[in-house]
Amino acid sequence: MATRVRPSSKRCAVIGGSGFLGRHLVEKLLDRGYSVSVFDIRQSYELPGVTFHQGDLCDKQALLPALKDVSLVFHCASPSPASDDRDLFERVNIQGTQTVIQACKEAGIQKLVLTSSASVVFEGTDIKNGREDLPYAKKPIDYYTKTKIEQEKLVLKACDKQKGFLTVAIRPHGIFGPRDPQLVPILVDTARRGKMKFIIGDGTNLVDFTFVENVVHGHILAAERLRPDSPICGKPYHITNDEPVRFWDFMSQVLVGLGYAPPRYHLPYALVYGLALLLWLLSIILRPLKSFKPTFTPMRVALAGTHHYYSCERAKEDLGYTPVVSLKEGIARTVQSYPHLRCEA
Ligand SMILES: NC(=O)C1=CN([C@@H]2O[C@H](COP(=O)(O)OP(=O)(O)OC[C@H]3O[C@@H](n4cnc5c(N)ncnc54)[C@H](OP(=O)(O)O)[C@@H]3O)[C@@H](O)[C@H]2O)C=CC1
Ligand SMILES: CC(C)CCC[C@@H](C)[C@H]1CC[C@H]2C3=C(CC[C@]12C)[C@@]1(C)CCC(=O)C[C@@H]1CC3
């Protein structure tokens, strides 16, 4: 008679484990003695203790082998927020997350930890010390945000103590660190094209940027505290560096660290936002003739010109969270990790 292997609490799966956050999470899980099954649409590395399963998370049959003998699943896969492909976001973040939940239930998974985003409450206007009880954005600023909201709702609603399927959502904001494919590379590319001379607005707006290891720490605390009797079941948690910083000071520190000049001249927020909106509309209208992707999208301008920082008191109280790497140290380690992006002049 075939014996069914009891899932080990030290065996977990990371969906999206080839990505920026996913790979940092996998590395920390290995350090902590977990063995890890990675499921991703691409394989970007090999590591002892990790088994790779390549596939699309919308395909339950492809997903199930990655969840075999696993008790804990982290779901941190998403299309890039830089995309504006509505169908892709809906397919992966909404239908795909439904598939992940179904596959978890079929595979007898006990815990599912979702990487959501603090942006689920952001509508393009100021948020100061926002707590988790803020309502979801009624007018989400883009398809990424819209589908992250639906995704979070699905995962939190699926939490079922009676059936032994526990869920929690982590809401990070502005993740940065070594190997990030977005923030630093886009910033440097913009600087190299001579477009990082301007500060949008008066430059005093405060924002959370979160070093990737703090985000990983929040995920692991949540996973380890997720038990039927814990208050965290079915809830979202902000995870930040807990050091809101002026958006333009952060950008300047990264730019200067890499040898580029910081932005100096101010432009009115409303003007830049209006221009970004116009360019975005033009890029849609002209798409059949010529494809171009504006750097300053309405989303980026809103993120660069408003206050948006979040309280992580709930994570401190319920998860025992405190950041493990300060902003200063995080920026230094990030800058050091991009020798190829330094200014050569
Ligand atoms: N970066 C940030 O500042 C923030 C990120 N988040 C969230 O954190 C999570 C991780 O983000 P991050 O590490 O930056 O993103 P990455 O793009 O680096 O990682 C996501 C991974 O998921 C993969 N993926 C995409 N679609 C599928 C699919 N259909 N099936 C299987 N795998 C897929 C990606 O592959 P490919 O690259 O080929 O698409 C990639 O390897 C996301 O959920 C994101 O929404 C939340 C707040 C802030
Ligand atoms: C061109 C410059 C004005 C801006 C360059 C940096 C930006 C690329 C980043 C600044 C804030 C970042 C951010 C995200 C992506 C990269 C930035 C826009 C997210 C949208 C990533 C996904 C999320 O869930 C929220 C993030 C907010 C901050």
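1. A backbone N or O atom of Phe20 lies 2.9 Å from an oxygen atom of ligand 1, a polar contact in the sense of a pair of N or O atoms within 3.5 Å (within protein, one atom must be able to donate a hydrogen and the other to accept it, and residues adjacent in sequence count only if both atoms are side-chain atoms).

2. The model is predicted, so local features need pLDDT of at least 70 and side-chain atom pairs pLDDT 80 or more, whereas totals for chains, interfaces and linings use all residues. Residues are numbered from 1 along each chain as its sequence is written, chains are lettered from A and ligands numbered from 1 in the order in which they are written, and side-chain values use heavy atoms, with hydrogens and water left out.

3. Ligand 1 is surrounded by 24 residues, the closest being Phe20, Leu21, Asp40, Tyr144 and Lys148; a residue is near a molecule or strand if one of its heavy atoms lies within 4 Å of it. This shell comprises ten nonpolar, ten polar and four charged residues, where Ala, Val, Leu, Ile, Met, Phe, Trp, Tyr, Cys and Pro count as nonpolar, Asp, Glu, Lys and Arg as charged, and the others, Gly among them, as polar. Helix H1 (20-31) and helix H4 (143-157) each supply at least two of its residues; helices (H or I, at least four residues) and strands (E, at least two) are DSSP runs numbered from the N terminus.

4. Around ligand 2 there are 17 residues, and Pro81, Ser117, Ser119, Tyr144 and Phe296 are the closest. An N or O atom in the side chain of Ser117 is 2.7 Å from an oxygen atom of ligand 2, and the side chain of Tyr144 likewise places an N or O atom 2.7 Å from an oxygen of ligand 2. Taken alone, ligand 2 exposes 600 Å², of which the protein buries 92%. Its shell divides into ten nonpolar, six polar and one charged, with at least two residues each from helix H5 (183-192), helix H7 (247-257) and helix H9 (298-305).

5. The whole structure contains 15 salt bridges, each a side-chain nitrogen of Lys or Arg within 4 Å of a carboxyl oxygen of Asp or Glu. Arg23 and Glu27 form one at 3.3 Å, N to O; being four residues apart in helix H1, they are separated by about one helical turn. Glu27 also pairs with Arg179, with the closest N and O atoms 3.1 Å apart. This second pair links distant parts of the chain, 152 residues apart: Glu27 in helix H1 and Arg179 in the loop between strand E8 (175-176) and H5. Arg179 is partly exposed at 37% relative accessible area (buried is under 20%, exposed over 50%, partly exposed in between; 1.4 Å probe, protein chains only).

6. Glu152 and Arg171 form a further salt bridge, their closest N and O atoms 2.8 Å apart. Glu152 lies in helix H4 and Arg171 in strand E7 (residues 166-172), so the pair ties together parts that are 19 residues apart in sequence. Both Glu152 and Arg171 are buried.

How values were computed
Areas by Shrake-Rupley, 256 points an atom, 1.4 Å probe, with all protein chains shown as cover.
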